[in-house]
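Here is a walk through a protein model for someone meeting it for the first time. Have a look at the sequence and the 3D view, then read on.

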Amino acid sequence: MSNQNLLEELVEIARSFASYGKVADYIPALSDQNPDDLAICIYSIENESFYAGDHLKKFTLQSISKVITLALVLMDNGEEEVFSKVGMEPTGDPFNSIAKLETNKPSKPLNPMINAGALAVTNMIKGDTVVEKWDRLIEFISHLTGQKVTYNEDVAYSELQTANLNRSLCYFMKQHGVITGNVEDLLVLYTKQCAVEMNCVDLAKIGAVFANDGLDPESGKQLISRDVARICKTFMVTCGMYNSSGEFAIKVGIPAKSGVSGGIMGSVPGRCGIGIFGPALDEVGNSFAGVKLLEGLSAKYSWSIF
Ligand code: DON
């Protein structure tokens, strides 16, 4: 069977699992997504791509954006500065939990993939104003995909109106000196970052840059330093699938990052990037069908890194 036929067959098998999941609704604008959607793209480091499902359908990155912002912020500030504000350990807690911020001493978020850690990372994007910081971030993302990327204003606004848990995380961290500046400005930047919109082909392309040690398979340019790409992939393994990262490492074994819109970015080192969109989520917030699809692919192609 050809790669293309196999991909189409795996998508149809995985799609049947979507009915076990549920579309996220704590961000109101995400609640009207179609739970039966499923699309995938595999983008090789030789710059070839295969896709199946509705591959042109756009979705917002949500938490997947955390890996990309981390890459920019690490290149902006260096490891020492970044890891003085955010840790490197998985939490085992839900992505929006506030619990360990209080019990961890000194008080800093445990890793950059939970909301508290991601907010602290976004706070470190270089720039004098929110506009300047945003312009740098969206330009970086556009370089990674190879085309102009924008964000979904409705989703960003909808999250900003309802982000009271993230607001609390910010005020807690501000009190403890983890973040500086105006909290509302930070939330505007963070919700725009989470609302960056693209299709699974663009997402797979970004995954391929990470898989290729930061080198763009299309232009041959080093868009992310090798070291930063390594750090980001490591976080994808240890914390990328939230409090099911351990189970995912055993069943799939591919560095991956999910978002509540139903996206997953995978990065198979030295081989390819993977972009998936399937908005029906499991109980921890990962795409139900997307995880099944990755299980099938990893088994078929022996892509586990372990
Ligand atoms: O901050 C939030 O809650 C969302 N913008 C992103 C969370 C997310 O994607 C977690 N994913 N599983």
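## Ground rules

A residue is called buried if 20 or more other C-beta atoms lie within 10 Å of its own, exposed if 12 or fewer do, and partly exposed in between, with the C-beta atoms placed from the backbone. Helices (H or I, at least four residues) and strands (E, at least two) are DSSP runs, numbered from the N terminus.

What you see is a predicted model, so local features need a pLDDT of at least 70 and side-chain atom pairs count only at pLDDT 80 or more, while totals for chains, interfaces and linings use all residues. Residue numbers start from 1 along each chain as its sequence is written.

## The whole chain

The protein chain holds 13 helices and eight strands. Its radius of gyration is 18 Å, close to the 19 Å from the globule rule for 306 residues, so the chain is as compact as a globular protein of that length. (That radius is taken over C-alpha atoms, and the rule is 2.2 Å times the number of residues to the power 0.38.) Along the principal axes, the C-alpha trace spans about 60 × 40 × 35 Å.

Of the 306 residues in the protein chain, 52% are buried. Two residues are in contact if their C-beta atoms, placed from the backbone, lie within 7 Å. Among the contacts with a separation of 6 or more, 69% come from residues 24 or more positions apart.

## A five-stranded sheet

Two strands pair if DSSP finds at least two bridges between them. Strands of a sheet pair through backbone hydrogen bonds, either parallel or antiparallel. Here, five strands make an open sheet in the order β2-β1-β8-β7-β6, with antiparallel pairing. At the edges sit β2 (49-53) and β6, each pairing on one side only. From one strand to the next, the twist averages 10°. (Axes are lines fitted to C-alpha atoms, for helices over the stretch in contact, and angles run from 0 to 180 degrees between N-to-C directions.)

How much of β7 is buried? Six of its six residues are, so to speak, under cover. In a regular strand the side chains alternate between the two faces of the sheet. For β7, one side has G263, M265 and S267 and the other has I264, G266 and V268, all buried.

On one flank, three bridges join β7 to the antiparallel β6, with M265 as the bridge partner of K257. The hairpin of β6 and β7 has four residues between the strands, and G262 there takes a positive phi near 105°. β7 also pairs with β8, over six antiparallel bridges, and G266 has I274 as its bridge partner. Three residues separate β7 and β8 in their hairpin, where G270 in the turn has a positive phi of about 70°.

## Helix α13

Helix α13 covers residues 288-301, and at 1.5 Å a residue its 14 residues should span 20 Å, which agrees with the 20 Å between its end C-alpha atoms. (The expected span is 1.5 Å times one less than the number of residues.) Just after α13, S302 takes a positive phi of about 50°.

Buried residues of α13 include F288, V291, L294 and L297. Among the elements covering the helix's buried residues are α1 (3-15), β1 (39-44), α12 (245-251) and β8 (272-277).

## Annotated positions

In an unreviewed UniProt entry, the annotation "binding site" covers S63, N115, E159, N166, Y190, Y242 and V260. Positions follow the numbering used here, feature names are shortened, and annotations may be inferred rather than shown by experiment.

Take V260, found in the loop between β6 and β7. V260 is buried because 25 other C-beta atoms lie within 10 Å. V260 and Q62 are 198 residues apart in sequence, yet 6.2 Å apart in space, C-alpha to C-alpha. Leaving out residues up to four places away in sequence, V260 touches A24, L30, Q62, S63, L281 and G285.

N166 lies in helix α8 (residues 164-175). With 23 C-beta neighbours inside 10 Å, N166 counts as buried. Beyond neighbours within four places in sequence, N166 is in contact with N115, L119 and L187.
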